[in-house]
Amino acid sequence: MRTQFLYFFLLVTLTAQAQDNLSVSGVRCVAVDSRDNVWVGVRDRLLKVTPDGKPTLVLDGWKNYIKPLTVGINYMAIDARDNLFVVATRDNLIRKITPDGKISLFAGQPYQYSVIDGPLAKANFRSLDHITMDRAGNMYVTDADEKTPNTNLSYHNYVIRHISPAGEVTTLRDKATGEKLWFDIIDGLTTDAQGNLYISDAYPRCIKKLTLTPDRKQATVSVVAGQCGKREFHPVYTPGDVKTAELFTPGPLAFSPKGELHFADVRLHRIIKIAQNQVTDVAGNSTIQKGVNMGGRATEGYKDGPARQAMFNFPLGNAITFDSRGNLYIVDGGNNCIRKLSAEGIVSTFLK
């Protein structure tokens, strides 16, 4: 009897641990590979989820070390060979994870926090967040910096670093002036099929396009949608023509297979599309609460169903991505789950 009890206790314990390892509580980022598997970063763990929703644990950051460093996964990008490149929030390192879970240090110098350009062996970063890649293998990351050297970070001055396929790191500069391109808090980063770069510039409440020079070292900045800097506080949301539309809190960005730009509005709890010079709602049914919060607030919730009736709760991080069939995966941060918006316009809970 004692042996049977110990066996039962061990089985229950191992089952609970396995379920905890597959939990997506604290999920921050997703990516889709060439076979439409969904890769999920959950704190220090990496999950692989098949298109039919079956998850497996690929990597546990506390058990996989690069020297003494644990692996946090808050932002990720994927290349054409299904290698993942991951960043922990405000870390200065980029790590590479192969499809079979092997991890290595890709860029950055451990414990050295500074903005230094050059070859990967010498280049360094200060405080990374968002990461994306284009089809040619160029990588872009957002890095916090200060205009005045030796100033403590305020996290209101961001630059964008480019890593070429050859392994050269540069900080993007303005094509017209040659000066570094500075942004407020960047809350979304992606590229289009032509290799142009797009950012959600959170404080001015607009989305910008960076048209890059052929060497990817300089860019011309233009506004895609939103009235940059019009309202510092108490934002409003006005869809319609991109020239007059106002955005609430634009966040994570992704292009659909059709080439349409989508973004998650973090505080509006909606998925919004920019296409044919129009800003339109795609999913979410929140109600804007006027005067409740100077930063902007809308009713959050949790509801599956037709896209315009569904409810979300703070889509955060590197939070939206499309598969090859036009399904959109959304990190629903406040609900600790991943939602799926099908190409047919139905929202479901993909993983919880």
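**Exercise 1.** Describe the largest cavity of this predicted model by its volume, its lining and the classes of its lining residues.

*Solution.* The largest cavity holds about 40 Å³ of space. Its lining is made up of Arg205, Gly226, Gln227, Lys230, Arg231, Glu246 and Leu247. Sorting that lining by class gives four charged residues, two polar and one nonpolar.

**Exercise 2.** Carry out the corresponding analysis for the second largest cavity, and determine which strand supplies the largest share of its lining.

*Solution.* Begin with the volume, which is about 30 Å³ for the second largest cavity. Next, list the residues that line this cavity, namely His130, Gly188, Leu189, Pro252, Leu253, Asn318, Ala319 and Ile320. Strands S15 (186–191), S20 (250–255) and S25 (315–322) each contribute at least two residues to this lining, and the largest share, three residues, belongs to S25. By class, five residues of the lining are nonpolar and three are polar, while no charged residue takes part.

**Exercise 3.** Decide whether Ala107 is buried or exposed, and list its contacts beyond four places in sequence.

*Solution.* Ala107 belongs to strand S8 (residues 103–107). Its relative accessibility is 2%, and residues under 20% count as buried, so Ala107 is buried. Leaving aside neighbours within four places in sequence, Ala107 contacts Asn92, Leu93, Ile94, Leu120 and Phe125.

Conventions: Residues are numbered from 1 along each chain as its sequence is written. This is a predicted model: local features need pLDDT of at least 70, side-chain atom pairs count only at pLDDT 80 or more; totals for chains, interfaces and linings use all residues. Side-chain values use heavy atoms; hydrogens and water are left out. Helices (H or I, at least four residues) and strands (E, at least two) are DSSP runs, numbered from the N terminus. Buried means under 20% relative accessible area, exposed over 50%, partly exposed in between (1.4 Å probe, protein chains only). Contact means heavy atoms within 4.5 Å. On a 1 Å grid over the protein atoms alone, a cavity is a set of points where a 1.4 Å probe fits but cannot get out, and a pocket is an open set with protein on both sides within 12 Å along at least five of seven lines; lining residues have an atom within 4 Å of a point. Grid points are joined across faces, edges and corners, and a volume is the space filled by probe spheres set on the points. Ala, Val, Leu, Ile, Met, Phe, Trp, Tyr, Cys and Pro count as nonpolar, Asp, Glu, Lys and Arg as charged, and the others, Gly among them, as polar.
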